[in-house]
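Please keep the sequence and the model in view while reading the points.

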Amino acid sequence: MSVDLIGFLGVVLVAYVVPGPDFLVVVRSAAEHPAKGRAAALGAQSGLCVHMVAAAVGLSVLAARSPVVYDAIKFLGAAYLVHLGVRAVLAARRVAQRQRGGGDVTVGMSPGRWRSGFAQGFLTNVLNPKAALFFLSVLPQFVHGDGSPTRQIFLLGVLDVLVGVAYWFALVTVAARLRVLLARPRFRHRWELTTGWLFIGIGVGVAAAA
């Protein structure tokens, strides 16, 4: 089986470096707590595994060729991003209220937040039609006819997932430093507002995209 691994890894790295919904979810989760950031990263890569399996068995082709299915996935993903944005904006309002009342706004961590981080990462990725289209439009360029296409898709998909885990975990380490700043109520208020409106903006952009 002949696969252009170097070229594929280069394309994958560029895809990860360019910020998108997954990037925002992982960074925001990591800023809340490193463990939640890693959970969001694993959730995003688990969603990617769903796209990989779907592409391998041909389900992604069906979704891409069916405008109804594609639009349904797109609008569900957009609605979820807007939902995350609204939650962040409301969190900013709560921070401002606590600040005025002299309450504690320290960021903590609980098992529920780990599950929340994983769920946010998973849903953001699995409801992103662009992730599915990556496996349909980009990945086949590196699949050659001298071997099983299904096996090659799985090989490239697994490499994509592993590269992503390494990249997200490194990003979590950097983004987790924001926790020090988030201990300051004024900064956390602005952070929640900024990330919230970014989520809403990306969600609206996804829904409006042709």
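1. Basis of the note. This is a predicted model, in which local features need pLDDT of at least 70 and side-chain atom pairs count only at pLDDT 80 or more, while totals for chains, interfaces and linings use all residues. Residues are numbered from 1 along each chain as its sequence is written, and side-chain values use heavy atoms, with hydrogens and water left out.

2. Helices α2 and α3. Helix α2 spans residues 21–32 and helix α3 residues 34–57; their axes lie 5 Å apart at an angle of about 155°. The two are therefore roughly antiparallel (angles over 145 degrees, on a scale from 0 to 180 between N-to-C directions). Helices here are DSSP runs of H or I with at least four residues, numbered from the N terminus. In contact (heavy atoms within 4.5 Å), D22, V25, V26, S29, A30 and E32 of α2 meet P34, K36, G37, A40, A41 and A44 of α3. By class, this contact has 7 nonpolar, 2 polar and 3 charged residues. Ala, Val, Leu, Ile, Met, Phe, Trp, Tyr, Cys and Pro count as nonpolar, Asp, Glu, Lys and Arg as charged, and the others, Gly among them, as polar.

3. Helices α3 and α8. Helix α8 covers residues 149–175, and its axis comes within 9 Å of that of α3, crossing at roughly 165°. This pair is also described as roughly antiparallel. The contact of α3 with α8 divides into 18 nonpolar, 5 polar and 2 charged residues.

4. Aromatic rings. The structure holds 5 aromatic pairs, a pair being Phe, Tyr or Trp rings (for Trp, the six-membered ring) with centres within 6.5 Å. The rings of W114 and F118 have centres 6.0 Å apart and planes at 10°, so they are stacked (planes under 30 degrees apart). Both residues belong to helix α6 (residues 111–126), 4 residues apart, about one turn of the helix. Elsewhere, Y16, Y167 and W168 form one aromatic cluster.

5. W114 is partly exposed at 37% relative accessibility, and F118 is partly exposed at 27%. Partly exposed lies between buried (under 20% relative accessible area) and exposed (over 50%), with a 1.4 Å probe and protein chains only.

6. Residue L159. Where does L159 lie? L159 is in helix α8 and counts as partly exposed, at 24% relative accessibility. L159 touches L5 and F8, leaving aside residues up to four places away in sequence. L159 and V12 are 147 residues apart in sequence, yet 9.1 Å apart in space, C-alpha to C-alpha.

Key. Parallel < 35°, antiparallel > 145°, perpendicular 65-115°, else oblique. Phe/Tyr/Trp six-rings, centres within 6.5 Å; stacked < 30°, edge-to-face > 60°.
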